[in-house]
Amino acid sequence: MTSPLTLWTGFVLAFATLSYATRFTEGKPPKDLLYRWSTFEGGLIQFAVIGAIVYGIAGLGRRRRLFALRRPTSWGLAIAIAIGIGVMMTLLSVVLNPVLHPGREQGVTPDRWEPHHAAAYVANGVVIAIVAPIVEELTFRGLGYSLLVRFGRWTAILLVGVTFGLAHGLVEAFPFLAALGAGLAYLRSRVDSVYPGMIVHGLFNAFALTVAVSGKPQSENILRACAAVWPAHSPF
């Protein structure tokens with residue numbers, strides 16, 4: 001019988017391969033992607049499929065334990081680590097943003113606010129700031145970390161960060177995504193729960209979507225590289 005770790009690894013690597021293939025063959029998504037209802041529908045379908053696959057893999061073990069669906073050992077510690085993640089991402093952007101241009105590579109968030117497409121943008125925002133963090137945290141910091149921690153805590157944290165970055169199919173944004181993924185994995189490891197990571201991830205994406213239409217130049221907006229990249233080029 002195939003082990004959950006083998007199935008999870010195969011799924012994540014297959015998705016990463018598909019994401020990179022889509023990026024290199026189709027290029028950047030259109031700038032109005034988040035103003036389209038089709039993006040909302042595609043995002044829901046994609047995350048439903050991913051969620052079903054991950055749920056099935058976790059079913060080979062104890063789902064609740066593998067997903068870390070339990071109360072955090074300390075909300076205070078979770079808040080402190082969340083602040084640390086924010087500081088880490090800010091420092092990383094200061095160091096690497098002059099060399100890399102992840103926002104331009106990502107190309108998902110629009111350059112300006114278009115009020116007549118507000119409903120579609122908000123709907124896509126719900127997928128990005130609520131649905132995506134839940135599914136991605138269960139996939140990586142829940143199931144992924146639980147399966148990898150047998151190799152050591154820091155090994156699991158680093159591997160979860162790397163696989164999270166690879167799954168998004170980006171090159172210049174990879175260091176930022178891997179760092180964010182590892183930071184969230186560290187949070188999960190310290191508080192023994194996936195819930196704080198969902199909240200931090202959701203707030204991060206929500207803030208990114210807000211900043212994206214605030215008029216801030218894309219070249220200065222590192223947050224754009226880290227929000228909504230899974231639904232941006234859905235293969236489903």
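This report walks through the fold, the salt bridges and one surface patch of a predicted model.

Residues are numbered from 1 along each chain as its sequence is written, and side-chain values use heavy atoms, with hydrogens and water left out. Because the model is predicted, local features need pLDDT of at least 70 and side-chain atom pairs count only at pLDDT 80 or more, while totals for chains, interfaces and linings use all residues.

## Overall fold

The protein has ten helices and zero strands. Helices (H or I, at least four residues) and strands (E, at least two) are DSSP runs, numbered from the N terminus. Of the 236 residues, 53% count as buried. Buried means under 20% relative accessible area, exposed means over 50%, and partly exposed lies in between (1.4 Å probe, protein chains only).

The accessible surface comes to about 10400 Å². Carbon and sulfur atoms account for 68% of that surface. Accessible areas come from the Shrake-Rupley method with a 1.4 Å probe; for residues, only the protein chains shown count as cover.

Contact means heavy atoms within 4.5 Å. Among contacts between residues at least 6 apart in sequence, 82% join residues at least 24 apart.

## Helix α1

Helix α1 covers residues 4-26. Its 23 residues should span 33 Å at 1.5 Å a residue, and its end C-alpha atoms are 32 Å apart, which agrees. The expected span is 1.5 Å times one less than the number of residues. The buried residues of α1 include Trp8, Phe11, Phe15, Tyr20 and Arg23.

## Salt bridges

A salt bridge is a side-chain nitrogen of Lys or Arg within 4 Å of a carboxyl oxygen of Asp or Glu. The count comes to three.

| Salt bridge | N to O distance |
|---|---|
| Asp192 and Arg70 | 2.9 Å |
| Glu137 and Arg141 | 2.6 Å |
| Asp192 and Arg188 | 3.6 Å |

Salt bridges that share partners join Arg70, Arg188 and Asp192 into one network. Asp192 sits in the loop between α8 (174-191) and α9. Asp192 is partly exposed, with a relative accessible area of 32%. Arg70 is partly exposed too, at 25%, whereas Arg188 is buried at 5%.

Leaving aside neighbours within four places in sequence, Asp192 is in contact with Arg70 and Thr73. The C-alpha atoms of Asp192 and Pro72 are separated by 5.8 Å, although these residues are 120 residues apart along the chain.

The pair Glu137 and Arg141 lies within helix α6 (residues 118-148). The two residues are four residues apart, about one turn of the helix. Glu137 is buried, with a relative accessible area of 1%. Arg141 is buried as well, also with 1%.

## A nonpolar patch

Trp75, Tyr195, Ile199 and Leu203 form a nonpolar patch on the surface. Together they have about 400 Å² of accessible area. Patches are made of residues with over 30% relative accessible area and no salt bridge; like charges are joined within 9 Å, and nonpolar side chains (Val, Leu, Ile, Met, Phe, Trp, Tyr) within 5 Å. Helix α9 (residues 195-212) supplies the largest share of the patch, three residues. Tyr195 lies in this helix. Tyr195 is partly exposed, with a relative accessible area of 31%.

## Valine 162

Val162 lies in helix α7 (residues 153-167). Its relative accessible area is 36%, so Val162 is partly exposed. Val162 touches Phe174 and Ala178, not counting residues up to four places away in sequence. Val162 and Ala179 are 17 residues apart in sequence and 8.1 Å apart in space, C-alpha to C-alpha.
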